[in-house]
Amino acid sequence: MEYGIKISKPTKDVLTCGVKDLLIDTSYPLLKVKATGTGTLSAPNNGGDTDTITHNLGYIPRVLVYGQVHELGVGKSAYYRKYPYIRQQVGIYSSNFSYDITTTELKIYGSFGDEGFGTETFDYFYYLFYDEK
Amino acid sequence: MPYGIRISRDNIDATQGLTETNIKDFVFVSDKNSPKVIFSGFISSATPGVSFTHGLGRVPMFFMFSVDSVTSPTYYEAIGDSAIATTTTISHPTYSKVYYIILQEGN
């Protein structure tokens, strides 16, 4: 690259140090946030829920999604995990929190099947980037 | 934008106007937010399970990797979907050596 910016860590020579010692190196693209948001999935036992976020970029962008999940045998988590989160036990009990991304939409979905639980709600948040996957 | 920085990829005109579909052709545009690393490092524990207190007051985006050594690791295995984040900590219930990256951004 002929043009750009490099900023090194303190005491490191920006002209000679390795990439790991650079705080900024525009030889490598930085993720650029297009949209961020939150939502709540409401999933019945043995069922699921899907939220759709339209981006209309015309290509498949990078995305990060974090949210609550159903822990098998335990119930809804108070904490967040990184999606996709997929668990299955003895072929019957399952917990599936994930997302699909197309050239126009991000679909975030959650479902679970676990004995003794009713409908649960799961909070999530997402970051959608301009950068292509 | 009256001021700022835009750096385009090679062979892309950095002076062109930004559109929703050409921002991907830029390495960096200060018009848009980019994720910022606020914490990163290794954690180890003599017993299974590790935790790092970030104290951000929100759930941050994060990545976590299992490693074989916290001083000279020879592999990094992604374990993000089994790690746990709250408004105060990120943790893992079973691994005892991990590398983590926590971003400023989150919810």
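The questions and answers below go through a predicted model of a complex of chain A and chain B.

Trainee: Which ipTM does the predictor give the complex?

Mentor: Since the model is predicted, the confidence values come first. Chain B has a mean pLDDT of 94, and 98% of its residues reach 70 or more. For the complex, the predictor gives a pTM of 0.93 and an ipTM of 0.92.

Trainee: How many helices and strands are there in chain A?

Mentor: Read from the N terminus on, the elements of chain A run β-β-β-β-β-β-β-β-β-β-β-β. The count for chain A is accordingly zero helices and twelve strands.

Trainee: How far apart do the C-alpha centres of domain 1 and domain 2 of chain B lie?

Mentor: Chain B is likewise divided, with domain 1 covering 1–34 and domain 2 covering 37–106. The C-alpha centres of domain 1 of chain B and domain 2 of chain B lie apart by 32 Å.

Trainee: Which element supplies the largest share of the largest nonpolar core?

Mentor: The largest nonpolar core has 38 residues, and those with the most contacts inside it include V63(A), Y126(A) and F62(B). Elements of both chains each supply at least two residues of this core, among them strand 5 (61–67) of chain A and strand 5 (60–67) of chain B. The largest share, eight residues, comes from strand 12 of chain A.

Trainee: Which residues is V63(A) in contact with, leaving aside its neighbours within four places in sequence?

Mentor: V63(A) is one of the residues with the most contacts inside the largest nonpolar core. Leaving aside neighbours within four places in sequence, the contacts of V63(A) are Y99(A), I101(A), L106(A), Y126(A), Y127(A), L128(A) and F129(A).

Trainee: How many nonpolar residues does the side of chain A that touches chain B have?

Mentor: The contact takes 25 residues from chain A and 23 residues from chain B. On the side of chain A, strand 3, strand 5, strand 8 (81–82) and strand 12 give two or more residues, and the largest share, five residues, comes from strand 12. By class, this side has five charged residues, four polar residues and, as the number asked for, 16 nonpolar residues.

Trainee: Is T21(B) buried or exposed?

Mentor: T21(B) sits in the loop between strand 1 (6–8) and strand 2 (26–29) of chain B, and it touches L57(A) and G58(A). Because T21(B) has 12 C-beta neighbours inside 10 Å, T21(B) counts as exposed.

Trainee: Where is the residue N11(B), which has a positive phi although it is not a glycine, found?

Mentor: Most residues other than glycine have a negative phi. N11(B), with a phi of about 70°, is exposed, with 6 other C-beta atoms within 10 Å. N11(B) is found in the loop between strand 1 and strand 2 of chain B.

Trainee: What is the omega of the peptide bond from Y83(A) to P84(A)?

Mentor: Most peptide bonds are trans. P84(A) lies in the loop between strand 8 and strand 9 (85–89) of chain A. The bond from Y83(A) to P84(A) is cis, with omega near 5°.

Definitions and conventions. Residues are numbered from 1 along each chain as its sequence is written. Chains are lettered from A and ligands numbered from 1 in the order in which they are written. This is a predicted model: local features need pLDDT of at least 70, side-chain atom pairs count only at pLDDT 80 or more; totals for chains, interfaces and linings use all residues. A nonpolar core is a set of buried Ala, Val, Leu, Ile, Met, Phe, Trp, Tyr and Cys residues joined through C-beta atoms within 7 Å. A residue is buried if 20 or more other C-beta atoms lie within 10 Å of its own, exposed if 12 or fewer, and partly exposed in between; C-beta atoms are placed from the backbone. Helices (H or I, at least four residues) and strands (E, at least two) are DSSP runs, numbered from the N terminus. Two residues are in contact if their C-beta atoms, placed from the backbone, lie within 7 Å. Domain bounds come from an automatic or database domain assignment. Ala, Val, Leu, Ile, Met, Phe, Trp, Tyr, Cys and Pro count as nonpolar, Asp, Glu, Lys and Arg as charged, and the others, Gly among them, as polar. pLDDT is the predictor's confidence in each residue, from 0 to 100.
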